[in-house]
Amino acid sequence: MTGRRVNNRLTYLTLTAVAFFFTIPLYYSIVVASRDNASLASVPPPLFPGGNFFENVSRVFDTVPFGLAMVNSVLVAGSISISVMFFSTLAGFAFAKLRFRGRNILLLMTVGTMMVPTLAGIIPLYILMVKLEWVGSLYAVVVPALVNAFGVFFMTQFLSRALPTELLEAGRVDGCTTWGLVWHVVFPAARPAAAVLGMLTFMTAWNDYMWPLMVLTPENPTVQVALSTLAAGYVNDYVMGLAGTALGTLPLVIVFALLGKHIIGGIMQGAVKG
Amino acid sequence: MATRAPERAAPPRRPGGKRRLTARHWRHAVDVKASPYAYVAPFFLLFCAFGLFPIGYTLWVSLHEWTLLDDEHTFVGLENFRVLLADSYFWNATFNTLSIGLLSMLPQLLLALWLAHLLNRPLRAQNFFRITLLLPNVTSVVAVVVIFSQIFGRDFGLINWVITSFGFDGIAWRDGTLSSHVAISTMIMWRWTGYNALILLAAMQAVPRELYEAATIDGASSFTQLRKVTVPMIRPTIAFVVITSTIGSMQIFAEPLLFGAYTLTGGQDRQYQTLSLFFYENYMRLDFGFSSAISWMIFVFILIIAGINYLLTNRMKGSIR
(Lines give C-alpha, C1' and ligand atoms only; values in the text may rest on other atoms or scores of the structure.)
Protein backbone atom coordinates (compact mmCIF):
# COMPACT_ATOMS: atom_id res chain seq x y z
CA MET A 1 0.00 0.00 0.00
CA THR A 2 2.74 2.45 0.94
CA GLY A 3 4.63 1.44 -2.18
CA ARG A 4 1.69 2.48 -4.31
CA ARG A 5 1.42 5.83 -2.50
CA VAL A 6 5.12 6.58 -3.09
CA ASN A 7 4.62 5.58 -6.71
CA ASN A 8 1.67 7.93 -7.01
CA ARG A 9 3.62 10.78 -5.49
CA LEU A 10 6.39 10.17 -8.01
CA THR A 11 3.84 10.31 -10.80
CA TYR A 12 2.52 13.66 -9.62
CA LEU A 13 6.03 14.99 -9.20
CA THR A 14 7.05 13.92 -12.71
CA LEU A 15 3.90 15.28 -14.31
CA THR A 16 4.29 18.58 -12.49
CA ALA A 17 7.88 18.85 -13.71
CA VAL A 18 6.73 18.15 -17.26
CA ALA A 19 3.92 20.70 -16.94
CA PHE A 20 6.57 23.18 -15.77
CA PHE A 21 8.73 22.63 -18.84
CA PHE A 22 5.71 22.80 -21.11
CA THR A 23 4.59 26.18 -19.77
CA ILE A 24 7.91 27.89 -19.00
CA PRO A 25 8.60 29.04 -22.60
CA LEU A 26 5.19 30.70 -22.73
CA TYR A 27 5.81 32.35 -19.37
CA TYR A 28 9.25 33.49 -20.39
CA SER A 29 7.89 34.99 -23.61
CA ILE A 30 5.66 37.20 -21.46
CA VAL A 31 8.65 38.15 -19.30
CA VAL A 32 10.63 39.28 -22.34
CA ALA A 33 7.60 40.95 -23.94
CA SER A 34 7.17 43.16 -20.90
CA ARG A 35 10.81 44.28 -20.59
CA ASP A 36 13.07 46.52 -22.63
CA ASN A 37 15.93 45.28 -24.80
CA ALA A 38 18.65 46.63 -22.51
CA SER A 39 17.46 44.67 -19.48
CA LEU A 40 17.76 41.38 -21.38
CA ALA A 41 21.52 41.75 -21.32
CA SER A 42 21.70 41.78 -17.55
CA VAL A 43 23.05 38.80 -15.61
CA PRO A 44 21.04 36.98 -14.36
CA PRO A 45 18.42 37.61 -17.07
CA PRO A 46 15.06 38.94 -15.91
CA LEU A 47 12.81 36.18 -14.58
CA PHE A 48 9.71 38.23 -13.78
CA PRO A 49 7.52 40.42 -16.00
CA GLY A 50 8.34 44.13 -16.15
CA GLY A 51 6.23 47.15 -17.03
CA ASN A 52 7.00 47.75 -20.69
CA PHE A 53 4.38 45.51 -22.26
CA PHE A 54 2.07 48.23 -23.56
CA GLU A 55 4.90 50.32 -24.89
CA ASN A 56 6.22 47.29 -26.80
CA VAL A 57 2.75 46.51 -28.11
CA SER A 58 2.30 50.02 -29.44
CA ARG A 59 5.62 49.68 -31.25
CA VAL A 60 4.31 46.46 -32.82
CA PHE A 61 1.29 48.38 -34.14
CA ASP A 62 3.60 51.09 -35.51
CA THR A 63 5.79 48.58 -37.34
CA VAL A 64 3.33 46.18 -38.97
CA PRO A 65 -0.43 46.45 -39.68
CA PHE A 66 -1.20 44.27 -36.68
CA GLY A 67 -4.79 45.40 -36.22
CA LEU A 68 -5.60 44.51 -39.81
CA ALA A 69 -3.77 41.20 -39.33
CA MET A 70 -5.95 40.35 -36.32
CA VAL A 71 -9.15 41.21 -38.23
CA ASN A 72 -7.94 39.17 -41.21
CA SER A 73 -7.08 36.16 -39.07
CA VAL A 74 -10.46 36.27 -37.35
CA LEU A 75 -12.21 36.50 -40.74
CA VAL A 76 -10.13 33.70 -42.27
CA ALA A 77 -10.26 31.31 -39.32
CA GLY A 78 -13.92 32.12 -38.62
CA SER A 79 -15.22 31.55 -42.12
CA ILE A 80 -13.10 28.43 -42.61
CA SER A 81 -14.36 26.84 -39.41
CA ILE A 82 -18.03 27.61 -40.10
CA SER A 83 -17.76 26.18 -43.59
CA VAL A 84 -15.78 23.12 -42.47
CA MET A 85 -18.37 22.38 -39.78
CA PHE A 86 -21.25 22.66 -42.26
CA PHE A 87 -19.84 20.66 -45.19
CA SER A 88 -18.17 18.04 -42.98
CA THR A 89 -21.44 17.38 -41.19
CA LEU A 90 -23.24 16.93 -44.52
CA ALA A 91 -20.62 14.60 -45.97
CA GLY A 92 -20.15 12.80 -42.65
CA PHE A 93 -23.90 12.15 -42.49
CA ALA A 94 -23.93 10.76 -46.04
CA PHE A 95 -20.97 8.47 -45.33
CA ALA A 96 -22.25 7.33 -41.95
CA LYS A 97 -25.94 6.81 -42.57
CA LEU A 98 -26.91 6.90 -46.24
CA ARG A 99 -26.52 4.02 -48.67
CA PHE A 100 -25.19 4.84 -52.10
CA ARG A 101 -23.08 3.28 -54.82
CA GLY A 102 -19.34 3.95 -54.40
CA ARG A 103 -19.65 4.89 -50.75
CA ASN A 104 -16.79 2.74 -49.47
CA ILE A 105 -14.36 3.69 -52.19
CA LEU A 106 -15.14 7.39 -51.73
CA LEU A 107 -14.63 7.12 -47.97
CA LEU A 108 -11.34 5.32 -48.52
CA MET A 109 -10.25 8.10 -50.88
CA THR A 110 -11.14 10.66 -48.23
CA VAL A 111 -8.94 8.95 -45.66
CA GLY A 112 -6.17 8.56 -48.23
CA THR A 113 -6.11 12.27 -49.00
CA MET A 114 -5.19 12.98 -45.38
CA MET A 115 -1.77 11.47 -46.07
CA VAL A 116 -0.99 13.80 -48.99
CA PRO A 117 1.38 16.61 -48.02
CA THR A 118 0.27 20.16 -48.84
CA LEU A 119 3.66 20.83 -50.36
CA ALA A 120 3.03 18.38 -53.22
CA GLY A 121 0.56 20.69 -54.95
CA ILE A 122 1.53 24.10 -53.72
CA ILE A 123 3.14 25.46 -56.91
CA PRO A 124 0.13 24.81 -59.18
CA LEU A 125 -2.09 26.13 -56.41
CA TYR A 126 -0.09 29.33 -56.55
CA ILE A 127 -0.30 29.45 -60.37
CA LEU A 128 -4.07 28.95 -60.02
CA MET A 129 -4.30 31.87 -57.62
CA VAL A 130 -2.35 34.05 -60.04
CA LYS A 131 -4.83 33.11 -62.79
CA LEU A 132 -7.80 33.85 -60.53
CA GLU A 133 -6.11 37.12 -59.48
CA TRP A 134 -6.49 36.12 -55.84
CA VAL A 135 -2.85 36.66 -54.86
CA GLY A 136 -2.81 39.06 -51.92
CA SER A 137 -6.48 38.51 -51.20
CA LEU A 138 -7.99 36.51 -48.35
CA TYR A 139 -9.90 34.35 -50.85
CA ALA A 140 -6.63 32.59 -51.67
CA VAL A 141 -6.33 31.45 -48.07
CA VAL A 142 -10.00 30.77 -47.36
CA VAL A 143 -11.36 29.01 -50.47
CA PRO A 144 -8.98 26.00 -50.66
CA ALA A 145 -9.61 25.35 -46.95
CA LEU A 146 -13.42 25.45 -46.98
CA VAL A 147 -13.71 21.72 -46.30
CA ASN A 148 -11.09 19.07 -45.57
CA ALA A 149 -10.68 15.31 -45.30
CA PHE A 150 -10.02 15.36 -41.58
CA GLY A 151 -13.33 17.10 -40.90
CA VAL A 152 -15.30 14.71 -43.09
CA PHE A 153 -13.67 11.70 -41.46
CA PHE A 154 -14.15 13.11 -37.97
CA MET A 155 -17.87 13.73 -38.50
CA THR A 156 -18.34 10.35 -40.18
CA GLN A 157 -16.86 8.67 -37.12
CA PHE A 158 -19.00 10.66 -34.75
CA LEU A 159 -22.31 10.38 -36.59
CA SER A 160 -22.04 6.65 -37.23
CA ARG A 161 -21.90 6.21 -33.47
CA ALA A 162 -24.05 9.03 -32.15
CA LEU A 163 -26.93 9.20 -34.61
CA PRO A 164 -29.52 6.45 -34.05
CA THR A 165 -30.72 4.93 -37.32
CA GLU A 166 -34.21 4.47 -35.85
CA LEU A 167 -34.52 8.22 -35.48
CA LEU A 168 -33.82 8.64 -39.19
CA GLU A 169 -36.29 5.91 -40.11
CA ALA A 170 -38.95 7.54 -37.97
CA GLY A 171 -38.31 10.78 -39.80
CA ARG A 172 -38.70 9.03 -43.15
CA VAL A 173 -42.00 7.50 -42.08
CA ASP A 174 -43.23 10.98 -41.17
CA GLY A 175 -42.49 12.01 -44.75
CA CYS A 176 -39.25 13.93 -44.22
CA THR A 177 -37.08 14.52 -47.28
CA THR A 178 -33.36 13.85 -46.86
CA TRP A 179 -32.76 17.54 -46.42
CA GLY A 180 -35.54 17.59 -43.82
CA LEU A 181 -33.70 14.86 -41.93
CA VAL A 182 -30.48 16.84 -42.10
CA TRP A 183 -32.15 19.92 -40.77
CA HIS A 184 -34.29 18.39 -38.02
CA VAL A 185 -32.30 15.34 -36.93
CA VAL A 186 -28.66 15.42 -38.09
CA PHE A 187 -27.69 18.99 -37.24
CA PRO A 188 -28.99 18.85 -33.66
CA ALA A 189 -27.29 15.48 -33.09
CA ALA A 190 -24.01 16.63 -34.62
CA ARG A 191 -23.70 19.77 -32.54
CA PRO A 192 -21.21 18.60 -29.85
CA ALA A 193 -18.74 17.09 -32.34
CA ALA A 194 -19.18 19.97 -34.77
CA ALA A 195 -18.27 22.41 -31.99
CA VAL A 196 -15.05 20.53 -31.27
CA LEU A 197 -14.26 20.33 -34.98
CA GLY A 198 -14.93 24.05 -35.30
CA MET A 199 -12.51 24.89 -32.50
CA LEU A 200 -9.79 22.59 -33.85
CA THR A 201 -10.22 24.06 -37.33
CA PHE A 202 -10.11 27.59 -35.98
CA MET A 203 -6.80 26.90 -34.23
CA THR A 204 -5.26 25.26 -37.30
CA ALA A 205 -6.37 28.08 -39.58
CA TRP A 206 -5.17 30.71 -37.12
CA ASN A 207 -1.74 29.09 -36.91
CA ASP A 208 -1.32 28.24 -40.60
CA TYR A 209 1.88 29.76 -41.95
CA MET A 210 3.47 28.55 -45.18
CA TRP A 211 0.58 29.03 -47.60
CA PRO A 212 -0.49 32.46 -46.26
CA LEU A 213 3.16 33.53 -46.39
CA MET A 214 3.38 32.51 -50.04
CA VAL A 215 0.13 34.00 -51.22
CA LEU A 216 -0.49 37.07 -49.04
CA THR A 217 1.43 40.35 -48.92
CA PRO A 218 2.95 42.12 -45.88
CA GLU A 219 0.38 44.89 -46.47
CA ASN A 220 -2.60 42.56 -46.05
CA PRO A 221 -1.31 39.81 -43.74
CA THR A 222 -2.69 37.29 -41.29
CA VAL A 223 -1.32 37.34 -37.76
CA GLN A 224 1.33 34.70 -38.50
CA VAL A 225 2.56 36.53 -41.60
CA ALA A 226 2.74 39.80 -39.66
CA LEU A 227 4.64 38.07 -36.86
CA SER A 228 7.16 36.64 -39.28
CA THR A 229 7.67 40.12 -40.78
CA LEU A 230 8.50 41.28 -37.25
CA ALA A 231 10.80 38.35 -36.64
CA ALA A 232 12.54 38.84 -39.99
CA GLY A 233 13.03 42.59 -40.07
CA TYR A 234 13.78 43.31 -36.42
CA VAL A 235 15.90 40.37 -35.38
CA ASN A 236 17.54 42.01 -32.41
CA ASP A 237 14.42 43.72 -31.13
CA TYR A 238 13.43 40.73 -29.00
CA VAL A 239 10.96 42.58 -26.84
CA MET A 240 8.93 43.81 -29.79
CA GLY A 241 8.96 40.40 -31.50
CA LEU A 242 7.75 38.68 -28.36
CA ALA A 243 5.16 41.36 -27.58
CA GLY A 244 3.64 40.68 -30.99
CA THR A 245 3.88 36.95 -30.40
CA ALA A 246 2.13 37.25 -27.05
CA LEU A 247 -0.60 39.35 -28.61
CA GLY A 248 -1.16 36.90 -31.44
CA THR A 249 -1.00 33.80 -29.27
CA LEU A 250 -2.53 34.61 -25.90
CA PRO A 251 -6.17 34.97 -27.03
CA LEU A 252 -6.06 31.45 -28.43
CA VAL A 253 -4.21 30.04 -25.41
CA ILE A 254 -6.75 31.56 -23.03
CA VAL A 255 -9.73 30.28 -25.02
CA PHE A 256 -8.07 26.89 -25.11
CA ALA A 257 -7.38 26.84 -21.37
CA LEU A 258 -11.10 27.53 -20.80
CA LEU A 259 -12.54 25.11 -23.36
CA GLY A 260 -9.60 22.70 -23.43
CA LYS A 261 -11.50 19.85 -21.79
CA HIS A 262 -13.88 19.56 -24.75
CA ILE A 263 -11.21 20.00 -27.41
CA ILE A 264 -9.04 17.31 -25.84
CA GLY A 265 -12.04 15.00 -25.68
CA GLY A 266 -12.54 15.58 -29.40
CA ILE A 267 -8.90 14.91 -30.30
CA MET A 268 -8.86 11.71 -28.29
CA GLN A 269 -12.14 10.47 -29.73
CA GLY A 270 -10.93 11.04 -33.26
CA ALA A 271 -7.63 9.38 -32.46
CA VAL A 272 -8.76 5.93 -31.37
CA LYS A 273 -10.04 5.16 -34.83
CA GLY A 274 -6.83 6.24 -36.52
CA MET B 1 -52.14 10.74 -36.99
CA ALA B 2 -55.78 9.74 -36.85
CA THR B 3 -56.88 12.88 -38.65
CA ARG B 4 -54.39 12.30 -41.43
CA ALA B 5 -55.45 8.80 -42.35
CA PRO B 6 -58.61 9.68 -44.34
CA GLU B 7 -56.67 12.17 -46.45
CA ARG B 8 -54.31 9.48 -47.55
CA ALA B 9 -57.12 7.16 -48.49
CA ALA B 10 -58.86 9.81 -50.57
CA PRO B 11 -56.59 10.40 -53.66
CA PRO B 12 -57.22 7.19 -55.67
CA ARG B 13 -60.78 8.35 -56.44
CA ARG B 14 -59.54 11.35 -58.34
CA PRO B 15 -58.47 10.69 -61.95
CA GLY B 16 -55.09 12.50 -61.70
CA GLY B 17 -54.31 10.89 -58.38
CA LYS B 18 -52.25 7.99 -59.60
CA ARG B 19 -49.91 10.12 -61.66
CA ARG B 20 -49.36 12.54 -58.82
CA LEU B 21 -48.50 9.67 -56.57
CA THR B 22 -45.89 8.37 -59.03
CA ALA B 23 -44.52 11.86 -59.39
CA ARG B 24 -44.10 11.97 -55.67
CA HIS B 25 -42.52 8.52 -55.67
CA TRP B 26 -40.18 9.61 -58.39
CA ARG B 27 -39.21 12.69 -56.43
CA HIS B 28 -38.63 10.52 -53.39
CA ALA B 29 -36.47 8.13 -55.38
CA VAL B 30 -34.37 10.96 -56.76
CA ASP B 31 -34.03 12.40 -53.28
CA VAL B 32 -32.84 9.08 -51.81
CA LYS B 33 -30.53 8.22 -54.71
CA ALA B 34 -29.03 11.60 -55.47
CA SER B 35 -28.80 13.50 -52.21
CA PRO B 36 -25.92 11.43 -50.78
CA TYR B 37 -23.81 12.53 -53.75
CA ALA B 38 -24.91 16.11 -53.30
CA TYR B 39 -23.73 15.98 -49.67
CA VAL B 40 -20.26 14.57 -50.38
CA ALA B 41 -19.85 16.66 -53.55
CA PRO B 42 -18.55 19.88 -51.93
CA PHE B 43 -15.63 18.01 -50.39
CA PHE B 44 -14.72 16.11 -53.54
CA LEU B 45 -15.10 19.12 -55.83
CA LEU B 46 -12.88 21.20 -53.61
CA PHE B 47 -10.40 18.37 -53.24
CA CYS B 48 -10.20 17.87 -57.00
CA ALA B 49 -9.76 21.59 -57.65
CA PHE B 50 -7.29 22.40 -54.89
CA GLY B 51 -5.80 19.00 -54.04
CA LEU B 52 -5.77 16.38 -56.79
CA PHE B 53 -5.39 18.65 -59.81
CA PRO B 54 -2.45 20.61 -58.32
CA ILE B 55 -0.56 17.41 -57.47
CA GLY B 56 -0.83 16.08 -61.00
CA TYR B 57 -0.04 19.49 -62.38
CA THR B 58 3.10 19.68 -60.21
CA LEU B 59 4.47 16.75 -62.18
CA TRP B 60 3.61 18.52 -65.45
CA VAL B 61 5.30 21.76 -64.33
CA SER B 62 8.37 19.85 -63.16
CA LEU B 63 8.92 18.59 -66.72
CA HIS B 64 9.24 22.15 -68.02
CA GLU B 65 11.49 25.11 -67.85
CA TRP B 66 8.90 27.22 -66.09
CA THR B 67 9.13 30.64 -64.49
CA LEU B 68 6.24 32.78 -63.37
CA LEU B 69 7.32 35.72 -65.51
CA ASP B 70 7.63 33.79 -68.76
CA ASP B 71 4.57 32.73 -70.74
CA GLU B 72 6.66 30.26 -72.73
CA HIS B 73 7.18 26.96 -70.93
CA THR B 74 9.72 24.81 -72.73
CA PHE B 75 9.37 21.07 -72.27
CA VAL B 76 12.64 19.71 -70.92
CA GLY B 77 11.70 16.18 -69.91
CA LEU B 78 13.47 14.97 -66.79
CA GLU B 79 16.14 17.67 -66.96
CA ASN B 80 14.96 19.34 -63.71
CA PHE B 81 15.18 16.03 -61.88
CA ARG B 82 18.62 15.32 -63.33
CA VAL B 83 19.91 18.70 -62.14
CA LEU B 84 18.23 18.23 -58.78
CA LEU B 85 19.75 14.81 -58.12
CA ALA B 86 23.20 16.16 -58.99
CA ASP B 87 22.74 19.19 -56.71
CA SER B 88 24.74 18.88 -53.50
CA TYR B 89 22.46 21.45 -51.80
CA PHE B 90 19.55 19.08 -52.34
CA TRP B 91 21.35 16.18 -50.65
CA ASN B 92 22.50 18.51 -47.89
CA ALA B 93 18.87 19.51 -47.29
CA THR B 94 17.83 15.85 -47.37
CA PHE B 95 20.44 15.01 -44.74
CA ASN B 96 19.34 17.93 -42.54
CA THR B 97 15.69 16.96 -42.84
CA LEU B 98 16.35 13.34 -41.87
CA SER B 99 18.70 14.35 -39.05
CA ILE B 100 16.24 16.86 -37.55
CA GLY B 101 13.40 14.40 -38.10
CA LEU B 102 15.14 11.58 -36.25
CA LEU B 103 16.44 13.83 -33.48
CA SER B 104 12.95 15.09 -32.80
CA MET B 105 10.91 11.95 -33.42
CA LEU B 106 12.69 9.27 -31.42
CA PRO B 107 12.87 11.08 -28.06
CA GLN B 108 9.45 12.54 -28.71
CA LEU B 109 7.85 9.16 -29.20
CA LEU B 110 9.45 7.66 -26.08
CA LEU B 111 8.54 10.69 -23.99
CA ALA B 112 4.97 10.70 -25.32
CA LEU B 113 4.58 6.99 -24.54
CA TRP B 114 5.87 7.48 -21.04
CA LEU B 115 3.66 10.52 -20.38
CA ALA B 116 0.60 8.72 -21.69
CA HIS B 117 1.49 5.78 -19.45
CA LEU B 118 1.70 8.08 -16.43
CA LEU B 119 -1.64 9.70 -17.26
CA ASN B 120 -3.34 6.36 -17.86
CA ARG B 121 -4.29 5.86 -14.22
CA PRO B 122 -6.75 7.51 -11.88
CA LEU B 123 -5.17 10.85 -11.04
CA ARG B 124 -6.44 14.05 -9.54
CA ALA B 125 -6.07 17.11 -11.77
CA GLN B 126 -6.18 14.86 -14.84
CA ASN B 127 -7.64 17.70 -16.93
CA PHE B 128 -5.08 20.20 -15.73
CA PHE B 129 -2.22 17.97 -16.88
CA ARG B 130 -3.87 17.24 -20.21
CA ILE B 131 -4.44 20.92 -20.93
CA THR B 132 -0.84 21.86 -20.12
CA LEU B 133 0.32 19.04 -22.41
CA LEU B 134 -1.57 20.56 -25.29
CA LEU B 135 -0.75 24.24 -24.65
CA PRO B 136 2.41 24.16 -26.82
CA ASN B 137 0.37 22.77 -29.68
CA VAL B 138 -2.04 25.70 -29.48
CA THR B 139 0.91 28.08 -29.77
CA SER B 140 1.60 28.83 -33.44
CA VAL B 141 4.81 27.59 -35.07
CA VAL B 142 5.86 31.18 -35.70
CA ALA B 143 5.43 32.03 -32.04
CA VAL B 144 7.29 28.89 -30.97
CA VAL B 145 10.29 29.76 -33.12
CA VAL B 146 10.35 33.39 -31.99
CA ILE B 147 10.23 32.30 -28.34
CA PHE B 148 12.88 29.59 -28.72
CA SER B 149 15.14 31.80 -30.82
CA GLN B 150 15.33 34.01 -27.76
CA ILE B 151 15.85 31.04 -25.41
CA PHE B 152 18.58 29.61 -27.67
CA GLY B 153 20.19 33.03 -28.22
CA ARG B 154 23.99 33.07 -28.10
CA ASP B 155 24.46 36.14 -25.92
CA PHE B 156 21.28 36.69 -23.89
CA GLY B 157 19.59 33.32 -24.22
CA LEU B 158 18.13 31.55 -21.22
CA ILE B 159 19.86 28.24 -21.93
CA ASN B 160 23.30 29.73 -22.37
CA TRP B 161 22.78 31.62 -19.11
CA VAL B 162 22.17 28.29 -17.35
CA ILE B 163 25.18 26.69 -19.09
CA THR B 164 27.55 29.53 -18.27
CA SER B 165 26.37 29.69 -14.67
CA PHE B 166 27.59 26.10 -14.32
CA GLY B 167 30.99 27.31 -15.51
CA PHE B 168 30.85 26.04 -19.11
CA ASP B 169 31.17 28.12 -22.26
CA GLY B 170 27.99 29.24 -23.93
CA ILE B 171 27.06 27.53 -27.21
CA ALA B 172 26.56 29.35 -30.51
CA TRP B 173 23.49 27.26 -31.27
CA ARG B 174 22.96 28.51 -34.81
CA ASP B 175 26.52 28.00 -36.02
CA GLY B 176 27.05 24.25 -35.71
CA THR B 177 25.27 21.54 -37.64
CA LEU B 178 24.49 19.37 -34.63
CA SER B 179 23.73 22.24 -32.25
CA SER B 180 21.32 23.90 -34.68
CA HIS B 181 19.62 20.56 -35.32
CA VAL B 182 19.25 20.04 -31.58
CA ALA B 183 17.74 23.50 -31.15
CA ILE B 184 15.25 22.99 -33.99
CA SER B 185 14.36 19.48 -32.77
CA THR B 186 13.68 20.92 -29.33
CA MET B 187 11.13 23.30 -30.81
CA ILE B 188 9.39 20.48 -32.66
CA MET B 189 9.41 18.25 -29.62
CA TRP B 190 8.04 20.99 -27.41
CA ARG B 191 5.15 21.60 -29.78
CA TRP B 192 4.19 17.98 -30.55
CA THR B 193 5.06 15.69 -27.62
CA GLY B 194 1.93 16.50 -25.64
CA TYR B 195 -0.35 16.11 -28.65
CA ASN B 196 1.05 12.68 -29.44
CA ALA B 197 0.88 11.69 -25.77
CA LEU B 198 -2.86 12.43 -25.79
CA ILE B 199 -3.43 10.35 -28.90
CA LEU B 200 -1.51 7.45 -27.36
CA LEU B 201 -3.42 7.93 -24.10
CA ALA B 202 -6.71 7.63 -25.98
CA ALA B 203 -5.60 4.30 -27.39
CA MET B 204 -4.34 3.11 -24.00
CA GLN B 205 -7.72 3.77 -22.42
CA ALA B 206 -9.28 1.33 -24.85
CA VAL B 207 -7.01 -1.52 -23.64
CA PRO B 208 -9.10 -3.95 -21.51
CA ARG B 209 -8.48 -3.44 -17.76
CA GLU B 210 -8.38 -7.20 -17.13
CA LEU B 211 -5.05 -7.47 -18.95
CA TYR B 212 -3.45 -5.10 -16.45
CA GLU B 213 -5.10 -6.85 -13.50
CA ALA B 214 -3.76 -10.18 -14.70
CA ALA B 215 -0.31 -8.66 -15.18
CA THR B 216 -0.39 -7.14 -11.68
CA ILE B 217 -1.31 -10.52 -10.18
CA ASP B 218 1.63 -12.04 -12.04
CA GLY B 219 3.82 -9.44 -10.35
CA ALA B 220 4.70 -7.39 -13.42
CA SER B 221 6.09 -3.94 -12.61
CA SER B 222 4.60 -0.79 -14.11
CA PHE B 223 7.42 -0.60 -16.65
CA THR B 224 7.03 -4.25 -17.66
CA GLN B 225 3.29 -3.68 -18.11
CA LEU B 226 4.03 -0.75 -20.40
CA ARG B 227 6.41 -2.86 -22.46
CA LYS B 228 4.56 -6.17 -22.55
CA VAL B 229 0.90 -5.17 -22.42
CA THR B 230 0.40 -1.59 -23.48
CA VAL B 231 2.79 -1.24 -26.41
CA PRO B 232 1.68 -4.43 -28.20
CA MET B 233 -1.99 -3.54 -27.68
CA ILE B 234 -1.73 -0.01 -29.10
CA ARG B 235 0.66 -0.79 -31.97
CA PRO B 236 -1.72 0.52 -34.69
CA THR B 237 -1.92 3.88 -32.94
CA ILE B 238 1.86 3.99 -32.51
CA ALA B 239 2.20 3.35 -36.23
CA PHE B 240 -0.30 6.13 -36.89
CA VAL B 241 1.66 8.57 -34.72
CA VAL B 242 4.94 7.58 -36.38
CA ILE B 243 3.55 8.04 -39.88
CA THR B 244 1.91 11.39 -39.18
CA SER B 245 5.03 12.72 -37.46
CA THR B 246 7.14 11.49 -40.37
CA ILE B 247 4.95 13.34 -42.85
CA GLY B 248 5.19 16.40 -40.61
CA SER B 249 8.95 16.19 -40.22
CA MET B 250 9.47 15.97 -43.99
CA GLN B 251 7.80 19.37 -44.23
CA ILE B 252 9.62 21.27 -41.47
CA PHE B 253 9.68 24.82 -42.75
CA ALA B 254 8.96 27.64 -40.33
CA GLU B 255 11.51 26.51 -37.74
CA PRO B 256 14.66 26.71 -39.90
CA LEU B 257 13.35 29.77 -41.78
CA LEU B 258 12.70 31.89 -38.70
CA PHE B 259 15.49 30.45 -36.53
CA GLY B 260 17.83 31.87 -39.16
CA ALA B 261 16.02 35.23 -39.04
CA TYR B 262 14.36 34.65 -42.39
CA THR B 263 17.43 33.58 -44.35
CA LEU B 264 16.35 31.17 -47.06
CA THR B 265 19.61 29.22 -46.95
CA GLY B 266 19.18 27.98 -43.38
CA GLY B 267 22.42 29.27 -41.92
CA GLN B 268 25.61 30.50 -43.57
CA ASP B 269 26.74 27.02 -44.55
CA ARG B 270 23.20 25.74 -45.10
CA GLN B 271 23.77 23.75 -41.93
CA TYR B 272 20.05 23.63 -41.09
CA GLN B 273 18.33 24.12 -44.45
CA THR B 274 15.55 21.54 -44.72
CA LEU B 275 13.96 20.24 -47.91
CA SER B 276 10.93 22.49 -47.54
CA LEU B 277 13.19 25.49 -47.07
CA PHE B 278 15.25 24.44 -50.10
CA PHE B 279 11.97 24.27 -52.00
CA TYR B 280 11.00 27.72 -50.77
CA GLU B 281 14.39 29.18 -51.72
CA ASN B 282 13.87 28.08 -55.33
CA TYR B 283 10.23 29.10 -55.30
CA MET B 284 11.33 32.62 -54.30
CA ARG B 285 13.59 32.62 -57.37
CA LEU B 286 10.35 31.98 -59.30
CA ASP B 287 11.96 28.84 -60.75
CA PHE B 288 8.70 26.90 -60.70
CA GLY B 289 9.88 23.95 -62.80
CA PHE B 290 12.79 23.19 -60.49
CA SER B 291 10.84 23.75 -57.27
CA SER B 292 8.06 21.48 -58.55
CA ALA B 293 10.68 18.78 -59.01
CA ILE B 294 11.72 19.32 -55.38
CA SER B 295 8.17 19.03 -54.09
CA TRP B 296 7.69 15.81 -56.07
CA MET B 297 10.87 14.39 -54.55
CA ILE B 298 9.57 15.27 -51.06
CA PHE B 299 6.33 13.48 -51.92
CA VAL B 300 8.28 10.42 -53.10
CA PHE B 301 10.39 10.41 -49.91
CA ILE B 302 7.20 10.48 -47.85
CA LEU B 303 5.76 7.54 -49.80
CA ILE B 304 8.99 5.57 -49.31
CA ILE B 305 9.11 6.24 -45.57
CA ALA B 306 5.41 5.47 -45.15
CA GLY B 307 5.98 2.21 -47.03
CA ILE B 308 8.91 1.26 -44.81
CA ASN B 309 6.83 2.08 -41.72
CA TYR B 310 4.02 -0.09 -43.02
CA LEU B 311 6.34 -3.03 -43.70
CA LEU B 312 8.02 -2.70 -40.30
CA THR B 313 4.77 -2.63 -38.34
CA ASN B 314 3.49 -5.58 -40.34
CA ARG B 315 6.63 -7.57 -39.62
CA MET B 316 6.46 -6.73 -35.93
CA LYS B 317 2.87 -7.90 -35.87
CA GLY B 318 3.97 -11.16 -37.46
CA SER B 319 6.75 -11.80 -34.94
CA ILE B 320 4.49 -11.17 -31.95
CA ARG B 321 1.93 -13.66 -33.18
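**Exercise 1.** State which residues of H5(B) meet which residues of H8(B).

*Solution.* From H5(B), B:Arg130, B:Leu133, B:Leu134, B:Pro136 and B:Asn137 meet B:Trp190, B:Arg191, B:Trp192, B:Gly194, B:Tyr195, B:Ala197 and B:Leu198 of H8(B). Contact here requires C-beta atoms, placed from the backbone, within 7 Å. By class, this contact has 8 nonpolar, 2 polar and 2 charged residues; Ala, Val, Leu, Ile, Met, Phe, Trp, Tyr, Cys and Pro count as nonpolar, Asp, Glu, Lys and Arg as charged, and the others, Gly among them, as polar.

The model is predicted: local features need pLDDT of at least 70, side-chain atom pairs count only at pLDDT 80 or more, and totals for chains, interfaces and linings use all residues. Residues are numbered from 1 along each chain as its sequence is written, with chains lettered from A and ligands numbered from 1 in the order in which they are written.

**Exercise 2.** Describe how H5 (residues 126-138) and H8 (residues 177-205) of chain B cross.

*Solution.* Step 1: helices are DSSP runs (H or I, at least four residues), numbered from the N terminus. Step 2: the two axes come within 6 Å and cross at roughly 135°; axes are lines fitted to C-alpha atoms over the stretch in contact, and angles run from 0 to 180 degrees between N-to-C directions. Step 4: their crossing is left-handed (near helix turned anticlockwise from the far one by less than a right angle; clockwise is right-handed).

**Exercise 3.** Give the angle and axis distance for H3 (residues 66-97) and H9 (residues 178-207) of chain A.

*Solution.* The angle is about 140° and the axes are 8 Å apart. That makes H3(A) oblique to H9(A). The crossing of H3(A) and H9(A) is right-handed.

How values were computed
Helices (H or I, at least four residues) and strands (E, at least two) are DSSP runs, numbered from the N terminus. Two residues are in contact if their C-beta atoms, placed from the backbone, lie within 7 Å. Angles under 35 degrees count as roughly parallel, over 145 as roughly antiparallel, 65 to 115 as roughly perpendicular and the rest as oblique.
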